Amino acid sequence: MEILGLLLEGFAVALEPINLALIVAGCIAGLFIGAMPGLGSVNGVAILLPMTFLVPPTSAIIFLGSLYYGAMYGGAISSIMLGIPGASTAVATTFDGRPMALQGKADRALVAAATASFVGGTISVVLFTLFAPPLADFALAFGPPEEFALLMLAFATFIGLGGDDIPKTFFSIFIGLMFSAVGLDIVSGNPRLIFFDLPGFYHGINFLVLAIGIYGIGEILWTVETTRGEMVVSRAAVTIRGVVRALADLRHNIRSMLMGSFLGYFVGILPAAGATPGSLMAYGVARTMSKNPETYGKGNVDGVVAPESANNAASTGSMLPMLTLGIPGSPTTAILLGGMVIWGLEPGPMLFIEHKEFVWGLIASLYAANLFALLINIAFIPAFLMVLRMPFTVLAPVIFILCVVGGYAPTQDMHDVWLMLIFGVMGYLMRKLDYPLAPAVLAIVLGPLAEASVRQSLIMAHGSFGIFFERPISAIIMAIAIGLFAWPLIMVVRRLVGPARAD
Amino acid sequence: MRRAELVMALVMAAFSLYIMWKSTELPVGWIEGEGPGGGAFPFWLAAGMLVCCGWIVLRWARRQSPPSRSEEPYMDRTALRVFAIGAGSLLAMIGLIHIVGVYVVIPLYLIFYMRGIGHHAWSVTAPLALAMPVAAFLFFEIALKITLPKGYTEPAFYPLYEMLL
């Protein structure tokens, strides 16, 4: 019951006129950003975060949270109409969404995607409301060793579940952590890693510089290069009758929606997994569960419903560890977490005690954002179809300019803008060689916490690494983390041993 | 692609070595009563980066990673052209900000990109090129009180400040 009271207070915050306006603005911005091929929630949040300095932190996160949701809805639009995922999170939606559009059932696919997103979002926010307070309570007992163990677990998920090239993933984590060490040493206050004695390095490397560099400049360079071909927009006539009929037909797809929602939520909580693998897994499970799996890939509504409910649920799931533990569950929440630090809020369990209005305002706004995203999405489908025809030669320069002024604003130092350009170009060049970049962004955000927790732990234990294994909670988390780190190794050994046994 | 994979790994290995050397400006060992020295954290991270580069090179030699097997060029002509335009124009834009400031560069950049590369009509380009610097000014200078760099055009803004602030 206590939760209900807190949630009501949260709604009082979320429904303040300015916040309500920001929810609507965030949903619209998110829908547009999600609908544009190549741009997803992470790009939107990275590029627009500096613009939120205008409003108080609670309003800022409400706006960015709504944008996150909107982008999850919007991603489906270009997946269905263009056959190009609007964001990586909507890849699975193309499998059946595009065939539906080609069969002239684009309106049904769009309505199914929007409704599934709504169901996934709503179920996951309810789960979030129930899970967050107890988890935060539990986390209050954590000391530096537990914190460090959790961070190890977060990084270990990238190795064990990320599916990318392993040495390159490790490299990405290390380089992100190393960049976070630039500036002044947290203990002695001595200058550290001041490259070429440039004064700009004394204030450290702001995580936004890396995030905007990679997700703004690097990604746009990548998108401009990969989408050079012509795109074909499917035609969709959306009528009120069609929408009503499509909604009524969706009663056959409730099972897939529920499955996608629960699966997506729990996958979303894991740091490396997030919405993209969550939606792909939901698609796979839906097909396996189906009585006629051969219809998948040829325009089965379940194939749109399952991944779309999962990616929205996962986006909520990824906020759970961000708010309760201070460990982001996805690249987008990593940037939100960095934003919270800029706004002077310390993420983690204390947030639930010291900044109740912030936490519950955000949770309540997620309920509201979900509803608005659904309504705006269905009402303005034609407007979003126009976005898909917007040429990149208009979009790219506008985004580049937003990146440059956005990179300048937090520190007001041109040094950071140059650094951002270098990160963007290097990020683009490395991405072409399959270096995963999300771990680096996560690492630069978590770096200061990682260093502080490991150094405090070692001081507590007089230099013995045993401390991480002597305390029960930290030992369990560490054991899981080590298991995940070792997982690829175990697979390699099994591959080597396997054929021998078959002989 | 194969050559690019090796070159990237070697460049990053050299970078790791540089960071390791740079970290030793602060003590990297254990300081009695204080815990690990200030340089220890980045030193061992850079050491980790170096190990990863070695691992990447090893996989390259055994042709285990996809880029090390790929026969495709790292950048074909179109990719190179697109990259040169994108990165080059950004370089020029940021460089020019130091000289003529943000508010002159924004319209110039939009005109260059939309007219020069996109071949859009003036009717599309001009409104955007005019609206964007005005919006940026209102948003940053007036609402957020963040002054964007103006280079030599700074004095031109004094009357505006007096009027609006």
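**View 1. Polar contacts between chain B and chain A in a predicted model**. Across this interface, eight residue pairs are in polar contact, both residues at pLDDT 80 or more. A polar contact is a pair of N or O atoms within 3.5 Å; within protein, one must be able to donate a hydrogen and the other to accept it, and residues adjacent in sequence count only if both atoms are side-chain atoms. The side of chain B that touches chain A has 48 nonpolar, 14 polar and five charged residues. Here Ala, Val, Leu, Ile, Met, Phe, Trp, Tyr, Cys and Pro count as nonpolar, Asp, Glu, Lys and Arg as charged, and the others, Gly among them, as polar.

**View 2. A salt bridge from R59(B) to D165(A)**. The closest N and O atoms of the pair are 3.6 Å apart. The rule (a side-chain nitrogen of Lys or Arg within 4 Å of a carboxyl oxygen of Asp or Glu) finds two salt bridges across the interface of chain B and chain A.

**View 3. Residues in contact across the interface**. Chain B supplies 67 residues and chain A 65 residues, where contact means heavy atoms within 4.5 Å.

**Notes.** Residues are numbered from 1 along each chain as its sequence is written, and chains are lettered from A in the order in which they are written. Local features need pLDDT of at least 70, side-chain atom pairs count only at pLDDT 80 or more, and totals for chains, interfaces and linings use all residues; side-chain values use heavy atoms, with hydrogens and water left out.
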